[in-house]
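Visitor: Could you walk me through this model before I start on my own notes?
Guide: Gladly; here it is.

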Amino acid sequence: MKGKIEMVDQFDAMDRKILGELQRDASQSLDEIARKVGSSKTPVWNRIRKMKEGGVIGQQTVILDPESLGLEACFFVLVRTNAHEAGWQEKFLKVLQKRPEVLEAHRLAGEIDYILKVRVKNAKAYDEFYQALIKEVSIYNVTALLSMQEIKSTTELPL
């Protein structure tokens with residue numbers, strides 16, 4: 001973590017422009033990015049390489065449209081537990097890691113212990129996920145909230 005913080009201190013406007021372009025479309029050619037940020041190819045490539053080595057730029061991937069793949073239901077699952085020992089948490093996290101339906105999982109402060117973002121085909125598929133989850137790990141309370149409409153979704157961080 002220390003290396004990443006030091007790297008942020010070294011960012012300049014050009015680095016931020018490059019990161020912005022990569023966030024918008026990482027499939028752009030180096031020439032396109034360089035043209036858009038007002039630089040030449042080699043300095044842009046060197047900056048990208050440095051940010052990759054510093055851990056600022058991680059895995060590059062493709063964003064798929066879930067509905068086009070038949071995954072029309074998005075549930076936010078609120079999990080409360082009465083088991084707070086390390087063994088339970090370790091098992092719970094391993095179960096979540098194995099489940100491809102779980103797109104995000106966050107441990108929270110407050111009354112709710114965890115929130116999961118789960119993407120499935122429909123309510124029946126969610127129930128199958130839920131039944132499998134509670135079979136593998138004991139949970140005190142689960143509340144599932146169905147997203148009726150996605151208002152905003154982005155992977156772009158503010159720079």
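Guide: What follows takes the sheet, then a helix packed on it, then the cores.

Visitor: What should I keep in mind about where this comes from?
Guide: This is a predicted model, in which local features need pLDDT of at least 70 and side-chain atom pairs count only at pLDDT 80 or more, while totals for chains, interfaces and linings use all residues. Residues are numbered from 1 along each chain as its sequence is written, and side-chain values use heavy atoms, with hydrogens and water left out.

Visitor: Ok, the sheet: what's the strand order?
Guide: The order is β2-β3-β1-β4 in an open sheet of 4 strands with antiparallel pairing; strands here are DSSP runs of E with at least two residues, helices are runs of H or I with at least four, both numbered from the N terminus, and two strands pair if DSSP finds at least two bridges between them.

Visitor: And which strands stand at the edges?
Guide: Those are β2 (102–107) and β4 (141–146), each of which has a single partner strand, so one side of each is left without a neighbour in the sheet.

Visitor: How do β1 and β4 pair?
Guide: They run in the antiparallel sense over 6 bridges, and Phe75 has Leu146 in β4 as its bridge partner.

Visitor: What does α6 touch on the sheet?
Guide: α6 packs on the sheet and touches β1, β2, β3 and β4, its direction making about 135 degrees with that of β3; such angles run from 0 to 180 degrees between N-to-C directions, with axes fitted to C-alpha atoms, for helices over the stretch in contact, and contact means heavy atoms within 4.5 Å.

Visitor: Which residues of α6 are buried?
Guide: Ala125, Tyr126, Phe129 and Leu133 are buried, which means under 20% relative accessible area, against over 50% for exposed and partly exposed in between, with a 1.4 Å probe and protein chains only. On the other side of α6, Ala123, Lys124 and Lys135 are exposed.

Visitor: Switching topic, which residues touch the most other members of the largest nonpolar core?
Guide: Phe92, Val118 and Leu133 do, among the 20 residues of that core; a nonpolar core is a set of buried Ala, Val, Leu, Ile, Met, Phe, Trp, Tyr and Cys residues joined through side-chain atoms within 4.5 Å. At least two residues of this core come from each of β1 (73–80), α5 (86–98), β3 (114–120) and α6 (123–136).

Visitor: What is Phe92 in contact with?
Guide: Leaving aside neighbours within four places in sequence, Phe92 is in contact with Val79, Tyr114, Leu133, Val137 and Ile139.
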